[in-house]
Amino acid sequence: MTLSEIIANLTKLSAAIQPDEFIYDFLTAFGTPKATISRLKSGDLNLAKKDGCTLLKAKVYFEPLQPDLLQSYTPVEAIESAKRNRQILRNKPRFLIATDFQSVAAFDVKKNATEVFPIAELHDHFGFFLPLAGMER
């Protein structure tokens with residue numbers, strides 16, 4: 001997978017977001033094999049205990065935030081909560097990602113770095129996520 005392919009994939013993804021498919025499309029944008037995506041969707045590889053979340057060992061923990069009138073939980077708060085969750089960290093995800101589909105908060109566990117940005121700018125932040133494609137920046 002080349003950098004231009006990754007950028008094009010992310011641009012396409014941020015232009016037409018489907019909340020139920022977002023994490024799968026995101027991982028596909030970085031070259032995750034279709035077989036892995038299929039197994040993740042079926043639940044075989046999803047180690048997340050929280051409904052609606054996705055945890056792929058050594059890769060990513062993803063938490064989609066649904067609009068809720070009773071709780072104003074931001075993507076940054078979701079990341080902070082995930083950082084303290086031993087069940088999540090036991091599986092050594094490289095990235096913790098949360099989104100309300102307006103903004104994205106992402107934490108690189110290895111580099112101890114956080115980025116928060118509008119989801120429409122996802123393609124501008126491709127470099128942060130390059131380790132998902134086996135590349136370090």
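In this predicted model, the protein chain carries 17 positive and 16 negative side chains. The centres of these two sets lie 10 Å apart.

The accessible surface of the protein chain is about 7600 Å². Carbon and sulfur atoms account for 52% of that surface. Of the 137 residues, 41% are buried.

Five helices and five strands make up the secondary structure. Along the sequence, their order is α-α-α-β-β-α-α-β-β-β. The radius of gyration is 14 Å, close to the 14 Å that the globule rule gives for 137 residues, so the protein chain is as compact as a globular protein of that length. Along the principal axes, the C-alpha atoms fill a box of roughly 40 × 30 × 30 Å. Of the contacts between residues at least 6 apart in sequence, 48% join residues at least 24 apart.

The largest nonpolar core holds 27 residues. Phe26, Ile97 and Phe129 have the most contacts inside this core.

The biggest share comes from α2, which gives six residues. Leaving aside neighbours within four places in sequence, Phe26 is in contact with Leu10, Leu13, Ile97, Leu122, Phe129 and Leu132.

A second core is separate and has 13 residues. Tyr61, Ala78, Ala98 and Ala105 are among them.

Definitions and conventions:
Residues numbered from 1 in each chain as written. Predicted model: local features only at pLDDT ≥ 70, side-chain atom pairs only at ≥ 80, totals over all residues. Heavy atoms only, no water. Helix = DSSP H or I, 4+ residues; strand = E, 2+ residues; numbered from the N terminus. Rg over C-alpha atoms; globule rule 2.2 N^0.38 Å. Buried < 20%, exposed > 50% of the residue type's maximum accessible area, 1.4 Å probe, protein only. Contact = heavy atoms within 4.5 Å. Areas by Shrake-Rupley, 256 points an atom, 1.4 Å probe, with all protein chains shown as cover. Lys, Arg positive; Asp, Glu negative; His and termini not counted. Charge placed at Lys NZ, Arg CZ, Asp CG, Glu CD. Core = buried A, V, L, I, M, F, W, Y, C linked by side-chain atoms within 4.5 Å.
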